[in-house]
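Here is a short briefing for a first look at this structure. Keep the sequence and the 3D view side by side as you read.

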Amino acid sequence: MISPALGNALTAWLDHQRALAGAADNTIKAYQTDVLGFLSFMTQHNGETQGLGPVARISVRDMRSWMAHERGRGVGARSLARALSAVKSFYRWLAEREDFEATAVLSTRAPKFQRKLPRPLAEDAASAMIDTVELQARDPWVAARDAAVVTLLYGCGLRISEALGLTGRDVPLPDVLRIIGKGGKERIVPVIEAAKEAVVSYQRLCPYPVETDAPLFRAIRGGPLSPRAIQKVMEQARLQLGLPATATPHAMRHSFATHLLEAGGDLRTIQELLGHASLSTTQAYTAVDTAHLMDVYDKAHPKA
């Protein structure tokens with residue numbers, strides 16, 4: 001249980017994250033859940049309602065107790081690190097606003113965890129995935145639809161939500177697409193001819209009319225196509241091709257980034273195409289060995 005004043009502060013912080021930091025709705029919900037979970041624990045742990053006064057007095061011992069409690073109930077290191085990050089962000093903002101010392105919270109170390117590196121497909125496997133996806137459906141228009149979506153994932157580096165977010169207003173596909181990605185960040189993405197042709201083939205066969213404000217990609221009954229439908233058809237295709245379980249829609253985006261870099265693409269440019277806020281995220285996306293990165297560096301660096 002938290003006091004009205006602390007509740008108002010949490011709401012104000014979430015509004016700040018939404019407005020100034022550009023956080024997406026799902027991110028805001030995750031922040032809220034993480035911080036409320038932390039405050040709920042502190043209420044039970046200290047036996048008092050959490051208000052502006054009590055939260056300012058949280059100690060290193062309190063933080064250790066919370067971390068131990070979360071691990072004890074099975075929260076993984078990655079999830080706990082995410083929750084701690086949200087709590088720290090809230091405390092940093094609150095301490096500045098309410099003028100108190102938040103060192104006990106801000107100095108807490110996140111648990112270590114092994115980051116799972118993405119596993120992009122080889123070029124021939126990515127191409128085979130698109131071809132095999134097209135063979136899964138009985139209806140020609142559904143086959144063309146699935147192939148068009150997967151081609152956009154691989155050929156343009158789109159997230160599945162971005163591909164399925166296209167509407168009739170976006171066709172015929174232009175040479176570049178203006179994509180609104182995570183956190184409302186806008187980026188410009190070149191559209192390859194294969195993607196244009198795949199969408200044209202789908203449009204020609206689709207039994208539903210193209211409407212300006214309606215989803216471009218339709219489900220069997222005409223509603224919006226769900227991400228699960230594409231995930232399922234790719235599951236079937238990867239079983240046929242003998243590919244690992246990591247061959248998901250998102251892996252096509254990883255493959256886009258990796259293959260561009262392997263071809264000599266600039267990491268900063270690829271970062272912009274993917275819509276990443278951090279270059280380190282782009283580096284994690286690209287399964288290119290250190291030797292190749294150094295080769296790209298040597299060729300591109302002005303002093304080389």
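A residue counts as buried when its relative accessible area is under 20%, as exposed when it is over 50%, and as partly exposed in between. K196 has a relative accessible area of 15%, so K196 is buried. The model is predicted.

**Salt bridges**

- The whole structure holds 12 salt bridges.
- Side chains of opposite charge can pair when their charged atoms come close.
- One of these bridges joins the side chains of R82 and D34, at 3.0 Å from N to O. This pair ties together distant parts of the chain, with R82 in helix 5 and D34 in helix 2 (residues 25-46), 48 residues apart.
- R82 is partly exposed, at 47% relative accessibility. D34 is buried, because its relative accessible area is 9%.
- R73 and E70 form another salt bridge, and their closest N and O atoms are 3.0 Å apart. R73 is exposed at 55% relative accessibility, whereas E70 is buried at 9%.

**The E193 and K196 pair**

- E193 counts as partly exposed, at 47% relative accessibility.
- Both residues sit in helix 10 (residues 193-205), 3 residues apart, so about one helical turn separates them.
- An α-helix has 3.6 residues a turn, so residues three or four places apart point the same way.

**The network around E162**

- R159, E162 and R187 are linked in a network of salt bridges.
- E162 lies in helix 9 (residues 160-164). R159 lies in the loop between helix 8 (140-156) and helix 9.
- The side chains of R159 and E162 make a polar contact of 2.6 Å.
- Are these two residues buried or exposed? E162 is buried, because its relative accessibility is 7%. R159 is buried too, at 9%.
- Leaving aside residues up to four places away in sequence, E162 touches I179, I180, G181 and R187.

**Helix 11**

- Helix 11 covers residues 227-241 and has 15 residues. From its first C-alpha to its last, helix 11 reaches 21 Å, close to the 21 Å expected at 1.5 Å a residue.
- Which residues of helix 11 are buried? They are I230, V233, M234, A237 and R238. Seen down the axis of helix 11, these residues fall within an arc of 140 degrees, so they line one face of the helix.
- G242 follows helix 11 and has a positive phi, near 70 degrees.

**Backbone features in loops**

- The peptide bond from V171 to P172 is cis, with omega near -5 degrees. P172 is in the loop between helix 9 and strand 1 (176-180).
- D99 is not a glycine, yet its phi is positive, at about 60 degrees.
- Where is D99 found? D99 lies in the loop between helix 5 (77-98) and helix 6 (103-106).
- D99 has a relative accessible area of 71%, so D99 is exposed.

Notes:
Residues are numbered from 1 along each chain as its sequence is written. This is a predicted model: local features need pLDDT of at least 70, side-chain atom pairs count only at pLDDT 80 or more; totals for chains, interfaces and linings use all residues. Side-chain values use heavy atoms; hydrogens and water are left out. Helices (H or I, at least four residues) and strands (E, at least two) are DSSP runs, numbered from the N terminus. Buried means under 20% relative accessible area, exposed over 50%, partly exposed in between (1.4 Å probe, protein chains only). Contact means heavy atoms within 4.5 Å. A polar contact is a pair of N or O atoms within 3.5 Å; within protein, one must be able to donate a hydrogen and the other to accept it, and residues adjacent in sequence count only if both atoms are side-chain atoms. The expected span of a helix is 1.5 Å times one less than its number of residues. The arc is that of the directions from the helix axis to the C-beta atoms. A salt bridge is a side-chain nitrogen of Lys or Arg within 4 Å of a carboxyl oxygen of Asp or Glu.
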